[in-house]
Amino acid sequence: MALRTVCVASSRAGIDLGVNNVRTFVTTVLLSRRALPLGPMPNEEIDDANLESLEKYRSYTRYLRQAEEAKNKRVWWKTYRGYVEKADPEHGTERVDIGLPYYRPCRTSEVRERKQVIKDKKKNVELERALRLRTFKIDLDRVQETWEKSSGPFQIKRLADHYGIFRDLFPMAYFLPQVPLHICYSQGNSGQVHYGNQLTPTEAALVPQVRFDAEEGSLWTLLLTCPDEHLLDNEAEYIHWLVGNIPGSTVQSGEELCHYLSPIPARGTGFHRYIYVLLKQEGHINFKEDVRPLPCHSLVDRTFKTLDFYRKHEDKMTPAGLAFFQCQWDESVTNTFHNTLNICIFQISKGFFIRPPVYHPPQVKYPHGQPLRYLDRYRDGKEHTYGIY
């Protein structure tokens, strides 16, 4: 009797399980028929076996335009952009332009001038002969000047976005660097500051030569800051140079608010960004609250925030120029810490500590079993020989 009951219960459970499975399958089929197709997956139309047949972008500007169109196109799948916007409400908001107003030249006049130049060049017999004999030389200074007046500011802004300059100095803001900055640490081309090139702290040890085009009677402010090297606060910076009320382009005639300090990137922390920002003043500014003690050899006094400085004087100054370079540790950084800043720092694998003063036990009048230089550590003088046995 008991065996019969167990068999009947098992058969009923098997029948119920089969019926449920059939119902689930039928429901899934019906729902799949009602649902609309989701559409193609991204890049499904690309034939990866024949990549040479794909259309080339031919220019970076065209690639950016098509990438922007693809980013704004509505798609059916859940994109990463939606997750980021939900996590960060400020993501995607428009940044504020805090720079000088940009007046775009007339496109028609530009094309007309370009065609006229090409027409004049074609009529030049000497130029044709130099090109045929491969003796024609291009004036690179003139090319550089033309680039700075045409597409240079936009490409510099793009580089600054790439290196996170505006993100760290002016959050939710940017500016178009319309005033070219020419900064050189040495006579040759090796010590010039461009837009992300690498220099050593030894090359940037002395005050550089700075020049820029300025109207007569105008006033400017120049600052050099580093957002990467602060030892205690990740959001703070160290100001390396600050000059205000610069008449024209003569930086040496300005009011030096904080004297120059060479780069001090800590060992093992990689490349640091050192950023020059040029700001145009509306008039004379009283920088009494921004003056650092002279000489300023304290990192606490050099703690700085470019955003706070700009907000304090934003009614009287406007960002106009930008240049920056990258730097990493070398032997001169240790000398700067020890001799200039009077800080003795040992570089450990992942941190820093300030070395405590050397401990010496009380001197014994009749030392037994001590080396011959035992008394050297208790002598007065700058040059000690203790520890060398």
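The notes take the sheet, then the cavity, then the pockets.

**Model.** I am working from a predicted model.

**Sheet.** I looked up the strand order first. I found an open sheet of three strands, in the order β4-β3-β6, with antiparallel pairing. Which strands stand at the edges? I noted β4 (192–193) and β6 (209–211) there. Each has a single partner strand, so one side of each is left without a neighbour in the sheet. I then checked the contact between β3 and β4. Strand β3 covers residues 182–184, and two bridges join β3 to β4. Within this antiparallel pair, I183 stands opposite V193 of β4.

**Cavity.** How many cavities of 30 Å³ or more are there? I counted one. The largest cavity holds about 30 Å³ of space. I listed its lining as W147, E148, G152, P153, I156, P177, Q178 and P180. By class, I sorted this lining into five nonpolar, two polar and one charged residues. I also asked which helices take part. Helices α6 (140–149) and α7 (152–162) each supply at least two residues of the lining. The most comes from α7, which gives three residues.

**Largest pocket.** I put its volume at about 1100 Å³. There are 22 residues in the lining, and E110, R114, V143, T146 and S150 lie nearest the centre of this pocket. Which helix gives the most to this lining? I found α4, with six residues. Helix α4 spans 107–123, and both α4 and α6 supply at least two residues each.

**Second largest pocket.** I noted about 640 Å³ of space in this one. Its lining has 20 residues, of which N43, E45, I46, A70 and K73 are the closest to its centre. I divided the lining into 12 nonpolar, two polar and six charged residues.

**Recap.** I keep three entries for reference. The sheet order is β4-β3-β6. The lining of the largest cavity takes three residues from α7.

How values were computed: Residues numbered from 1 in each chain as written. Predicted model: local features only at pLDDT ≥ 70, side-chain atom pairs only at ≥ 80, totals over all residues. Heavy atoms only, no water. Pairing = 2+ DSSP bridges. Helix = DSSP H or I, 4+ residues; strand = E, 2+ residues; numbered from the N terminus. 1 Å grid on protein atoms, 1.4 Å probe; cavity = no way out; pocket = protein on both sides within 12 Å on 5 of 7 lines; lining within 4 Å. Points joined across faces, edges and corners; volume = space filled by probe spheres on them. Nonpolar A, V, L, I, M, F, W, Y, C, P; charged D, E, K, R; others polar.
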